Amino acid sequence: MRLFSPLLLLGCTRGVMLATAQFPRPLVLWHGLGDSHSSPGMLDFAARIKEIHPGIYVHSVFIEEDLGKDRQAGFYGNANDQIDFVASQLAAIPELSNGFDAIGLSQGGQFLRAYVERYNLPPVNNLITFGSQHMGISDIPGCSRYDFVCQAARSAAKQAIYSEWAQKNIIQAQYYRDPAKIDVYLEVNEFLASINNEVPALRNITYTKNLASLAKLVLVIFTEDKTVVPKESSWFGAEAVDDDIFLSQPDNQATLKQRLASEPDRAIIPMRLQPLYLEDWIGLRQLDKRGDIVFETCKGEHMQMGDCWENLVKKFVGGHT
C-alpha cells in the first residue's frame, strides 16, 4: 500500500479555520513529461505564482515523492492508476477541500482533465492546460541525446504501440491516437478513448456533467510546437480519420474540402467539427455555448512559456473562495 507523505496532512487541525478564512483559491499543478513535482523549474513556477497571489496554497502533484522516480513515472506506468492515486492524494489535503484551480503542463493537463471527469472531489473551478494532448498524438515525442529514460520508453512504445503491455505500461502509448488505425485504437486504448468518451458502449455521462461544471476551461497551444503532433490537439483538434462522424454530413464534407484545398498537407479537424463536440460526449459543447472555453496561444516551441502564462494566472487563478 502506498502511503502519503506526512507533509500532506499538515494543517489538519486548521481545517475549520481554513474553510472560513478568505484566502486566494488554492492551486494544483501537474508537471509535464520529463519533469518532477519539485524540480527547480516547478519550484520556481510555484514561487512566481505566489508572488502574483500572495497567500495562495499551491500543491504540486506527485506520483512518487522521490524526484527521480516521479520523473520516471511520467514515462512508465498506468495513466488510469496514476489518476486514481492523485484523486486520493488531493482528497487528503485539507486546504483543497473547498475546491481549487488547476494548471496542467503538457500531459499533466489531460491528466487533470481526467481527474475532473472521473472524480472532481474536491472540485476544480478553472482548469488551464498548456500544450496538452487532449486529442492524443499521432507521433511519439522525440528525446534529447542523453535522456536514456525517454529513449527507452520511446523505443518500447514505437515497437508495439497498441500491444497490451504498452497500453498498460508506457504513458505516451496510452494517448497515442493513430488516425490510420482508429479501429484498433478504440478497441485497445483504455485511457484517452475513455476520457474522450469515444466508445459508444462505454460512454459515461458523469464525464460530461463533471467537465461541464468547470467555471472556465483554458486551452493553451504553442505556436511552434513540434513535440505534440498535431499541435492542435491542445485545442481539441485532431487529424481527420476516414470514419469520422462529421464526414457523413454534407455541410462538414464541404468544410473539410475547403480546409484541404488551403492546407493540402494538413487535414486537421478543429474542435467544433469533432464528433465529441458535435454530440457533446464530454461537455465541451455545453462549456463552449456558455462562453467558458478560452483559447490562448503561447509563441514558441512546446512548453517555452516565457511570460505568456502570467496574465492567465492573474485572470484565472486565485479568486477568493
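The sections below go through the salt bridges of this predicted model.

## Overview

Side chains of opposite charge can pair when their charged atoms come close. Across the whole structure, a search finds ten salt bridges. Some of them are described here.

## A buried pair

R25 and D101 form a salt bridge through their side chains, with an N to O distance of 3.1 Å.

## A link between two loops

Another salt bridge joins E301 and K226, whose closest N and O atoms are 3.5 Å apart. The two residues are 75 residues apart, and the pair links distant parts of the chain. E301 is in the loop between β8 (293–298) and α14 (310–316), and K226 is in the loop between β5 (216–222) and β6 (238–239).

Are these two residues buried or exposed? E301 has a relative accessible area of 30% and is partly exposed. K226 counts as exposed, because its relative accessibility is 59% and the cut-off for exposed is over 50%.

## A further pair and a network

R290 and D292 also meet in a salt bridge, at 2.8 Å from N to O. R290 is partly exposed, at 43% relative accessible area, whereas D292 is buried, at 11%.

Salt bridges with shared partners also join R48, D307 and E310 into one network.

Key: Residues are numbered from 1 along each chain as its sequence is written. This is a predicted model: local features need pLDDT of at least 70, side-chain atom pairs count only at pLDDT 80 or more; totals for chains, interfaces and linings use all residues. Side-chain values use heavy atoms; hydrogens and water are left out. A salt bridge is a side-chain nitrogen of Lys or Arg within 4 Å of a carboxyl oxygen of Asp or Glu. Helices (H or I, at least four residues) and strands (E, at least two) are DSSP runs, numbered from the N terminus. Buried means under 20% relative accessible area, exposed over 50%, partly exposed in between (1.4 Å probe, protein chains only).
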